[in-house]
Amino acid sequence: MLRVPPRGECEILRAQDIVVADGVIEDVRPTGGPFGAGFAAEVIDGRGLLAVPGLVNAHTHSPMVLMRGAAEDVTVEGWFNDRVWPMESNLTPADVRIGARLACAEMIRSGVTTFADHYFFPGQIAEAVTETGLRADIAPTYFSSRGTEALEDTVRFAEAWHGAADGRVTVSLGPHAPYTVDDGDLRTLAGHARRLGLRMHIHAAEHLEQTRSSLDRRGITPIRVLHETGVLEAGALIAHGCGIVEDDLPLLAEYAGTTAVACCPKVYLKHALSPLTPVRDLLGAGVTVAVGTDGAAGHNTLDVWEALRLVALTQKQAVRDATWMTVSDTLRLAVRGGARALGLQNSIGALEPGMRADIVLTDLSGPHCRPLHDPRAALVYSARASDVRTVVVDGRILMRDGLLLTVDEPALLAEADARVARILDTSHGRAVQHYDP
Ligand SMILES: [Zn+2]
């Protein structure tokens, strides 16, 4: 199994039994020991497989799988204004329900056991998570253009769902971004978050142009907006942060214990953005960094293996240092970093006694991983989502030897395919919002 310590090198421990009871890892010990009183109810034979902590997708919009590949070769403005926000105005609760399920199926298949979601019709997503057995933190997307009633709806969703599905569903409050949500609403939502003990999940300083535009229009950076409106104080998961500048670092450092930034490099590369999330500076300031895919309308997959590989590659390139963002550090961001980003560091992110049993068995025996000199390097640079064989979340088996147990995959794919023509039709000229940061 893969041991991911809080710092230092990850280790491969051979021939281990992971003992699970009531959804919790009770013990990790050399194979062959006695099974306590009586026998284990169920034994998963992991011989030849490597157990790794479930991956965390720290920023996504799961139902956007329905728009996979439907917004290519466009600028950021074109992506929002010509493609995605018009398509999103077509979405019904039933679409979101199917999209979230399809996303859950894809994530289970790729060893993602927890995801931080941010979308409309959050109740549909919460039901998909409940039924498929995954773990998720769901932030209901809010724009100020939607008005007070919509803001109150997001708070009601949080009150209804936080801690549901035996604790597998948690809720964060989800103002979309400082350029789509006004300061008054940010303050109100941050107040609700503090009152309810919730975190905030928000896009901010997505790229440098947004930071420049914020400085031009109002004289402060997007991160300072989060600081002044109490969002950082509430505890924030910030998506992207590629436009975080030096002046922002002391503000983030002030709340480092509860602040995280999700890095989703594939979408920055696709949109030809530079610079990337300043991971080295953020880690230096004590801020948590985690790995996300963003929605599949930009990332095309919800594959965190792909995302973590791109984090390692782009970060080495960004700071011109091949010895930095090591294999161990990259794996740590994807599991422990993700857990921390969602405020779940005491329950997931490592295969250790006392942690929830979110376990992924990977098969590194394929030719693309062989000879297997270092399984840790294989996980970061060679492994594929299809190498994931068995997935356990909260002690429940969601995929066994490549077979999904909680999703009727053929029926789901047919339902998703049947919806796309209507969702992709933007001839009506409507949009959920206009992008002008
Ligand atoms: Zn996003």
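Predicted model: local features only at pLDDT ≥ 70, side-chain atom pairs only at ≥ 80, totals over all residues.
Begin by selecting strands β6 to β13, which form an open sheet of 8 strands in the order β6-β7-β8-β9-β10-β11-β12-β13, with parallel pairing. At the edges stand β6 (55-60) and β13 (288-291), each of which pairs on one side only. On average, neighbouring strands are turned by 25 degrees against each other, direction ignored.

**Inside the sheet.** Select β9 (residues 169-175) next; 2 bridges join this strand to β10, and the two run parallel. Residue S172 stands opposite R199 in β10.

**Helices on the sheet.** Display α13 (residues 304-318), which packs on the sheet and touches β6, β7 (112-119), β12 (260-263) and β13. The direction of α13 makes about 80 degrees with that of β6.

**H207.** Move to the loop between β10 (199-204) and α6 (208-218), where H207 is located. H207 counts as buried because its relative accessibility is 7%, under the 20% cut-off. Leaving aside residues up to four places away in sequence, H207 touches V76, C242, G243, L273 and Y435.

**A helix pair.** Finally, select α2 (residues 93-109) and α16 (residues 409-424), which pack at an angle of about 130 degrees with their axes 10 Å apart. That angle makes α2 oblique to α16, and their crossing is left-handed. Among the residues making the contact are I98 and L102 of α2 and L412 and R419 of α16. By class, this contact has 8 nonpolar, no polar and 7 charged residues.

Methods
Residues numbered from 1 in each chain as written. Heavy atoms only, no water. Helix = DSSP H or I, 4+ residues; strand = E, 2+ residues; numbered from the N terminus. Buried < 20%, exposed > 50% of the residue type's maximum accessible area, 1.4 Å probe, protein only. Contact = heavy atoms within 4.5 Å. Axes fitted to C-alpha atoms, helices over the stretch in contact; angles between N-to-C directions. Parallel < 35°, antiparallel > 145°, perpendicular 65-115°, else oblique. Left-handed = near helix turned anticlockwise from the far one by under 90°. Nonpolar A, V, L, I, M, F, W, Y, C, P; charged D, E, K, R; others polar. Pairing = 2+ DSSP bridges.
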